[in-house]
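The stops below go from one element to the next.

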Amino acid sequence: MTIREAIDMIISHHAPLRSDDTVDTIKCGYPEDELTGIVTTCCASVAVIREAIRLGANLIVTHEPVFYSHPDDVDELEGQNSTYDAKRALCDENRITIWRDHDHMHTDTPDSIMVGMVKALGWEQYYEGDLSQLRFSPAMFCLPDMKLCDVAEHIKKCFQLKAVRCVGDPECVVRKACFFAHIMAGDGDMEAIRLMNREDIDLLIPGEVIDWTCASAVRDAAQLGKNKAMLIMGHFNLEEPGMIHAADMINHIFNGGVKVTFVRSGDMYFYL
């Protein structure tokens, strides 16, 4: 089986995309080579590529960009950026093919990334809605009463993190939590603020956040004595369990006939 044939088989098990405009393309490599093994990961970092080489896998299925922009446009990198050139050379010298599985994962119903994330947390029974229709954002969970500090410890344990960032009172009681994709100075910021108020959400867990929109609103609410908080674990950390689910899914597709390994890209930040 060639790498291209393997990718086509994976695509055939996803829901059809809503648009032909997709980032789910081959980013580099040799798709006509015979497949030797598959690695799934949230982000195909240099360390992940090296681990794939060590494992003898020549296809990496990544969820997030490889070359530093959403479409992986390399026109301004090739021959002009030494980091890109070295990373690309590492792939080429070892005949590594990298294919992105992003849009397909989020088009599935239920959303394949969220399936992995909810399973990692053990929160299936708390989802507010039909679990078979689980979507990426917003996704709301009605929890048994938990302090913010306890929710944070649970997430750190489940996602193998050393730290998370929080806004609000660590002792505030969380009954309703909401995962929200992106808070990046766009329309989503005000939507998140409205949603917290309208749906009486205690805890917002965004993929990423900037200080001066929703985070400031949550801080002000907490300082006014309102039961509002935010927990930020980071986009890659949030979605990484989805690629554990992807490995399970791909292993099922090939009925164990191909070695499929999840490789953790891990938290890129450290705290001093």
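Begin by selecting helix H9, residues 235–253, which lies across S7 and S8 and runs at about 90 degrees to S8. Helices (H or I, at least four residues) and strands (E, at least two) are DSSP runs numbered from the N terminus; contact means heavy atoms within 4.5 Å, and axes are lines fitted to C-alpha atoms, for helices over the stretch in contact, with angles from 0 to 180 degrees between N-to-C directions. This is a predicted model, in which local features need pLDDT of at least 70 and side-chain atom pairs count only at pLDDT 80 or more, while totals for chains, interfaces and linings use all residues. Residues are numbered from 1 along each chain as its sequence is written, and side-chain values use heavy atoms, with hydrogens and water left out.

Now extend the selection to the whole sheet, an open one of five strands in the order S5-S7-S8-S9-S6, with mixed pairing. Its edge strands, each pairing on one side only, are S5 (139–147) and S6 (165–167), and the twist averages 25 degrees from one strand to the next.

A pocket, on a 1 Å grid over the protein atoms alone, is an open set of points with protein on both sides within 12 Å along at least five of seven lines, whereas a cavity is a set where a 1.4 Å probe fits but cannot get out; lining residues have an atom within 4 Å of a point. The largest pocket holds about 550 Å³ of space, and H9 gives the most to its lining, with four residues, while S7, S8 and H9 each supply at least two.

Finally, select Thr36, Gly37, Ile38, Leu55, Gly56, Ala57, Lys259 and Thr261, which line the largest cavity. About 30 Å³ of space lies in this cavity, a volume being the space filled by probe spheres set on grid points joined across faces, edges and corners.

Note on methods
Pairing = 2+ DSSP bridges.
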